[in-house]
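Okay, hi everyone, thanks for coming. I'd like to walk you through a few spots in one protein model, so let's get it up on the screen.

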Amino acid sequence: MTEFAVTPWSLGDNIVASELAGQAALAEKMGFHSFWLPENHFGDQRSIPSPLTLLAAAAATTERIKLGTTSYLITIRHPLQAAEEVAVIDQMAQGRLILGLGRGVQPAMFKAFDLPTKEKRKRFRHNLDLMLNAWAGKPVAYENDQPVVLAPLPWQRPHPELWMAAFGPLALKQAGSLAMPYLASPVETLESLKQNYDLFNLSVAEAGLDPVQTVPVMRNIFISEQQSVIKAIKLALSGSVPHSMRAEDASVDDWSIIGDASYVRDRLKEYQETLGVTHFIARGRLPEVTADQQIASHEQLLSLNL
């Protein structure tokens, strides 16, 4: 059975805890598998530089839905502090955290955090190893010959489920070498995703690791029977993605699934048949879409029973 997940569908110019937590609670009530937040820096008031902080609000208003980060950037954080923060949120959520890890792609962010871009993969692996050791309860330091260990440890042992955001061949190979479920850029075409998964699975095999059974895909997904609404959304999306992030000749339909219920069902099945998708993460905050329209679309999505 394919699981459906969601990101927030409405964030104002100021992020209000009660509004975000209310969306997570509604997503749980509707029956979504998980509620996800990205990480981004230095955009506008709606940037999300600290997704775990926001997920703490969601943890307080939910009981069952899993809470995830699509790209918690460990390259720009001290690994022990990051390990502590992750453990605290996992405790608050009583083991419902899925930690999607990332290296980052914004040149301005690397410059601001004084991290050379060429070192990001090396820094990622170094910091991840320190975090894994800390979550396992291994000493992180010694004081008077006595071991100092992380406290509290995560609710999930030895650590929350780890996924990995990746964009580009080197990142894919690194994700495969760690056998973590791979989160692709949401604007890559289906054909690109197929090639990416071929490389990812080959890297898993070359590392001598078991095949990864979790196959998530994040897409713009919207259902409406009104063609005028569909047309307006696609037009607004068409100029919203830098060419560096998608195929030069790709159209909106190549990286979004927007249409009536029959069209969306058929496209989702195509993704399932091509990639073996186990989790669809429906992105929110689509242009030209109100909160009520997005909620109605989500209700239809969950009724597809794929």
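Let's start with Ser297, which is buried, with a relative accessible area of 1%. Buried here means under 20% relative accessible area, exposed means over 50%, and partly exposed is whatever falls in between, using a 1.4 Å probe and protein chains only. Quick bit of background: this is a predicted model, where local features need pLDDT of at least 70, side-chain atom pairs count only at pLDDT 80 or more, and totals for chains, interfaces and linings use all residues. Residues are numbered from 1 along each chain as its sequence is written, and side-chain values use heavy atoms, with hydrogens and water left out.

So where is Ser297? You'll find Ser297 in helix H11, residues 291-302. When I say helix, I mean a DSSP run of H or I with at least four residues, a strand is a run of E with at least two, and both are numbered from the N terminus. If we skip residues up to four places away in sequence, Ser297 touches Ile221, Phe222 and Ile223. Touching, or contact, means heavy atoms within 4.5 Å. And what does the side chain of Ser297 do there? One of its polar atoms lies 2.8 Å from the backbone nitrogen of Ile223. For a polar contact we want a pair of N or O atoms within 3.5 Å; within protein, one has to be able to donate a hydrogen and the other to accept it, and residues adjacent in sequence count only if both atoms are side-chain atoms.

Next up is Glu28, over in helix H1, residues 17-30. Is Glu28 buried or exposed? At 11% relative accessibility, Glu28 counts as buried. Now look at Ile65: Glu28 and Ile65 are 37 residues apart in sequence, but C-alpha to C-alpha they're 5.3 Å apart in space. A polar atom of the Glu28 side chain also lies 2.9 Å from the backbone nitrogen of Ile65. Leaving out residues up to four places away in sequence, Glu28 touches Thr62, Glu63, Arg64, Ile65 and Arg96.

While we're at H1, let's talk helix pairs. Two packed helices are described by the angle between their axes and the distance between the axes. The axes of H1 and helix H2, residues 51-61, come within 8 Å and cross at roughly 55 degrees. Axes are lines fitted to C-alpha atoms, for helices over the stretch in contact, and the angles run from 0 to 180 degrees between N-to-C directions. H1 and H2 are therefore oblique to each other. The cut-offs are: under 35 degrees is roughly parallel, over 145 roughly antiparallel, 65 to 115 roughly perpendicular, and the rest oblique.

Which residues make that contact? On the H1 side they're Ala17, Leu20, Ala21, Ala24 and Ala25, and on the H2 side Leu54, Ala57, Ala58 and Thr61. Sorted by class, that's eight nonpolar, one polar and no charged residues. Nonpolar means Ala, Val, Leu, Ile, Met, Phe, Trp, Tyr, Cys and Pro; charged means Asp, Glu, Lys and Arg; the others, Gly among them, are polar.

Now a second pair. Helix H7, residues 190-206, and helix H10, residues 261-275, have axes that come within 10 Å and cross at roughly 25 degrees. That makes H7 roughly parallel to H10. Here Leu190, Leu193, Lys194 and Tyr197 in H7 meet Glu270, Tyr271, Thr274 and Leu275 in H10. By class, the contact of H7 with H10 has five nonpolar, one polar and two charged residues.

Most residues other than glycine have a negative phi, and most peptide bonds are trans. In this model, a cis peptide bond joins Ala151 and Pro152, with omega about 0 degrees, and another cis bond joins Arg157 and Pro158, with omega about 5 degrees. Pro152 lies in the loop between strand S6 (146-148) and strand S7 (161-165), and Pro158 is in the loop between S6 and S7 too.

As for phi, Gln94 has a positive value near 55 degrees. Gln94 sits in the loop between helix H3 (79-92) and strand S4 (97-102) and is exposed, with a relative accessible area of 54%. Arg285 isn't a glycine either, yet has a positive phi of about 60 degrees. Arg285 is in the loop between strand S11 (279-283) and H11, and at 34% relative accessibility Arg285 counts as partly exposed.
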